[in-house]
Amino acid sequence: MAELIGSLLVLAGAVFHLSAGLGILRMPDAYTRMQAGTKASTLGNTLVVGGIAFFHPDWTLKLLLVIYFVLMTNPISAHALARAAHRIRVPMTPQTTVDALRDAREQSRGGA
Amino acid sequence: MIRRAGIVLAVALFGLVFATLTVHHVERQSLPPLAKRYVELVPRELGAPNVITGILLTYRAFDTLGEVAVLFMVAAGVGLVLGRRERRTETSFRDAPQPSRQASEIVRTGAQILVPLIAIFAAYIITNGHLSAGGGFQGGAVVASSAILLLLADPRQRFDQQFLSSTESAAGVLFVLVGVAGLLFARGFLDNRVLPLGQFGTFFSAGAIPLLSVLLGAKVGCELSVIIDRFRV
């Protein structure tokens, strides 16, 4: 039973990883690709590693550390990359109409 | 249209290459003679469960020393090529302290939390090289990754070059000294049996391998950090 649950979790994680890969292929610009890759792969990784914990209960603590580390690093690196891309003015897709970072920067410049 | 056909052709050719690779692949049921010999020898003679580290830090430790020497030359070469540029950036930082250059709060806070974690993990990898996957080179690379994170969080960070270079030199000298001790008290240069082998599979075991691993980790970590420091914007 535990192995079945673990297998299902790993499969669900693999599906999220697949959607991350599809997102990176199909999304129109750097920012949307970044968020597709980061969000889906963070969840996918958590599910896969959590599924492994069902197979090897004695690894649980180490696997929790792995999950914690990925939950910390993945969003931070995506955030840093997206900000760097925004700074060097990587173009956005025309469908994107809101640029909150630019608005906030202009507002703080206008206020100061 | 032609481009698309070319892509399809390329994918088909790649598929053919991988198919021929996998179709004729037969899973080995036994180790080749050389690997078998090492797998038997390393735990028995060196007392290290991790065969790879046993080979790298005893049988082929002289090669490892050469690799570290190559890395040292790379660090020196990068310093030679990029040394002048660094002085210029130093002045430009002083002339214009650009506030926009500062990393965002998320990156800075993340670095504060992650750098100690990464450092602990690096120490774990380095000191457990004789027991599980890892060792000096890998751990040193992890040390350097925490150096990158520090630089990302604060690009104006200054590393203590004096400390880095003296630690690196001391680690290198001690590594060679351990090797010479092996020449004098055991059966050859960098023989790990200068220290007692201890209980198989425990933390203090496998003779000089953990010591060599720590020295190697310190050396590689310092060298890579120096190289990264040279590449700052």
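## Overall dimensions of chain B

In this predicted model, chain B has a radius of gyration of 23 Å, whereas a compact globule of 233 residues would have one near 17 Å. Taken along the principal axes, the C-alpha atoms of chain B fill a box of roughly 60 × 60 × 35 Å. Of its 233 residues, 30% count as buried.

## Secondary structure and contact order

Chain B contains eight helices and zero strands. Read from the N terminus, its elements follow the order α-α-α-α-α-α-α-α. When contacts in chain B between residues at least 6 apart in sequence are considered, 71% of them join residues at least 24 apart.

Helix α6(B) comprises 18 residues and reaches 26 Å from its first C-alpha to its last, close to the 26 Å expected at 1.5 Å a residue. This helix is mostly covered, with 13 of its 18 residues buried.

## Nonpolar cores

The largest nonpolar core has 40 residues, and those with the most contacts inside it are Ile209(B), Leu212(B) and Leu216(B). At least two residues of this core come from each of the following elements of chain B: α2 (33-46), α3 (51-59), α4 (61-95), α5, α6 (136-153), α7 (161-185) and α8 (209-230). Apart from this core lies another, of five residues, which includes Leu9(A), Leu47(A), Val48(A) and Ala53(A).

The surroundings of Leu216(B) can be given residue by residue. Leaving aside neighbours within four places in sequence, Leu216(B) is in contact with Thr64(B), Val68(B), Gly136(B), Phe137(B), Gly140(B) and Phe175(B).

## Helix α1 of chain A

Helix α1(A) has 25 residues and reaches 36 Å from its first C-alpha to its last, close to the 36 Å expected at 1.5 Å a residue. The buried residues of α1(A) are Leu9(A), Gly13(A) and Ala20(A). Among the elements that cover these buried residues is α2 (30-55) of chain A. Leu9(A) also belongs to the core of five residues described above.

Leu18(A) is classed as exposed because 12 other C-beta atoms lie within 10 Å, and the cut-off for an exposed residue is 12 or fewer. Leu18(A) and Ala53(A) are 35 residues apart in sequence, and their C-alpha atoms are 21 Å apart in space.

## Contact between the chains

The contact takes seven residues from chain B and six residues from chain A. On the side of chain B that touches chain A, helix α5 (residues 105-127) of chain B gives the most, with five residues. The residues on this side of chain B divide into five nonpolar, two polar and no charged.

## Confidence of the prediction

The predictor gives the complex an ipTM of 0.72 and a pTM of 0.73. Chain B averages a pLDDT of 80, and 91% of the residues score at least 70.

Among the elements of chain B, helix α1 (residues 2-23) of chain B has the highest mean pLDDT (91) and α4(B) the lowest (72). Where pLDDT is low, the predicted coordinates should not be read in detail.

Technical notes. Residues numbered from 1 in each chain as written. Chains lettered and ligands numbered in written order. Predicted model: local features only at pLDDT ≥ 70, side-chain atom pairs only at ≥ 80, totals over all residues. Contact = placed C-beta atoms within 7 Å. Helix = DSSP H or I, 4+ residues; strand = E, 2+ residues; numbered from the N terminus. Nonpolar A, V, L, I, M, F, W, Y, C, P; charged D, E, K, R; others polar. Core = buried A, V, L, I, M, F, W, Y, C linked by C-beta atoms within 7 Å. Buried ≥ 20, exposed ≤ 12 C-beta atoms within 10 Å, placed from the backbone. Expected span 1.5 Å × (residues − 1). pLDDT = per-residue confidence, 0-100. Rg over C-alpha atoms; globule rule 2.2 N^0.38 Å.
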